[in-house]
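The sequence and the coordinates should be kept in view throughout.

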Amino acid sequence: MNKNTQTFAKIAMIAAIYTVVSLVLAPFTYGNIQVRIAEALTLLPLIYKPSIAGVTLGCFLTNLIGAMIGVNPTGMIDSVVGTTATLLAALLTYYLRNRRLAGIPVWSILMPVIFNFFFVGMELSVLFFEGNIWLGLLIMGTEVAIGELISVIFGYFLIKALEKTDIFR
């Protein structure tokens, strides 16, 4: 199998894993109080740059399918807003991967938390927090960020384990 085909297959597998894990755990995947376990994969760019495409595609499919089957309360807008947050977070996770504190890529780990706080928090605030969008962002963004932090901490340990394999070489 040539290198391009292998890379494409890995991207597809990352997207599929992200989507399946998210949909199987749908009650925890959507809304303001969520722990989208598949977001652990947003740290894959620390060790494998093409994973940016995989997690972005996986997020898009998760949000789109979730809206289509009625488990995503934000509907189709999440396919754009949530996916944009994941794409930007994955890109910055990759670009900040070598900036470390005590050997830990703290800035990379925080990118999904920060982007989901702002993007998904604002999306939820606009859709469900009438009256004061900024207070809604603070409340809902914080709720989303806490769940995201749980996911990326799990993701950090997943990445540490994957680094010991040759799956992404």
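Helices here are DSSP runs of type H or I with at least four residues, and they are numbered from the N terminus. In those terms, Ser108 lies in helix α5. The structure is a predicted model, and what follows should be read as a description of that model.

Helix α1 and helix α3 pack at an angle of about 35°, and their axes are 7 Å apart. The crossing of these two helices is right-handed. On the side of α1, the contact is formed by Ile11, Ile14, Ala15, Tyr18, Thr19, Ser22 and Leu23, while α3 brings a list that includes Ser51, Val55, Leu57, Leu61 and Ile65. Sorted by class, the contact of α1 with α3 contains 11 nonpolar residues, seven polar residues and no charged ones.

Helix α3 also packs against α4. The axes of α3 and α4 come within 9 Å and cross at roughly 165°. An angle over 145 degrees counts as roughly antiparallel, and α3 is therefore roughly antiparallel to α4. In this pair, too, α3 passes α4 in a right-handed crossing. The residues that α3 contributes are Ile52, Val55, Thr56, Cys59, Phe60, Asn63 and Leu64, and among those of α4 are Asp78, Gly82, Thr86, Leu87 and Tyr94. The contact of α3 with α4 divides into nine nonpolar, six polar and one charged residue.

The next pair joins α4, residues 77-95, to α5, residues 106-128; the two pack at an angle of about 160° with axes 8 Å apart. By the criterion already given, α4 and α5 are therefore roughly antiparallel to each other. Their crossing is right-handed. In α4 the residues involved include Val81, Ala85, Leu88, Ala89 and Leu92, and these belong to a contact with residues of α5 such as Ser108, Met111, Phe115, Asn116 and Phe119. This contact of α4 with α5 comprises 12 nonpolar, five polar and two charged residues.

The loop between α4 and α5 holds Ala102. This residue has a positive phi of about 55°, although it is not a glycine. Ala102 has a relative accessible area of 82% and is therefore exposed, since the term applies to values over 50%.

In soluble globular proteins, nonpolar side chains tend to be buried together. The largest nonpolar core of this model has 23 residues, and those with the most contacts inside it are Ile14, Leu43, Leu44, Ile159 and Phe168. Helices α1, α3, α4, α5 and α6 each supply at least two residues of this core. The greatest contribution is that of α6, with six residues. Leu44 touches Ile14, Ser51, Ile159, Leu162 and Phe168, when residues up to four places away in sequence are not counted. Another core, of five residues, lies apart from the largest one; Ala85, Ala89, Leu96 and Phe115 are among its members.

Leu43 is placed in the loop between α2 and α3. Its relative accessible area is 0%, and Leu43 is therefore buried, a term that requires a value under 20%. Beyond the residues up to four places away in sequence, Leu43 touches Thr93, Ser108, Ile109, Pro112, Val152, Gly155, Tyr156 and Ile159.

Leaving aside neighbours within four places in sequence, Asn116 is in contact with Glu39, Ala85, Gly121, Val144 and Glu148. Asn116 and Ile146 are 30 residues apart in sequence, and their C-alpha atoms are 10.0 Å apart in space.

Notes:
Residues are numbered from 1 along each chain as its sequence is written. This is a predicted model: local features need pLDDT of at least 70, side-chain atom pairs count only at pLDDT 80 or more; totals for chains, interfaces and linings use all residues. Side-chain values use heavy atoms; hydrogens and water are left out. Axes are lines fitted to C-alpha atoms, for helices over the stretch in contact, and angles run from 0 to 180 degrees between N-to-C directions. Angles under 35 degrees count as roughly parallel, over 145 as roughly antiparallel, 65 to 115 as roughly perpendicular and the rest as oblique. A crossing is left-handed if the near helix is turned anticlockwise from the far one by less than a right angle, and right-handed if clockwise. Contact means heavy atoms within 4.5 Å. Ala, Val, Leu, Ile, Met, Phe, Trp, Tyr, Cys and Pro count as nonpolar, Asp, Glu, Lys and Arg as charged, and the others, Gly among them, as polar. A nonpolar core is a set of buried Ala, Val, Leu, Ile, Met, Phe, Trp, Tyr and Cys residues joined through side-chain atoms within 4.5 Å. Buried means under 20% relative accessible area, exposed over 50%, partly exposed in between (1.4 Å probe, protein chains only).
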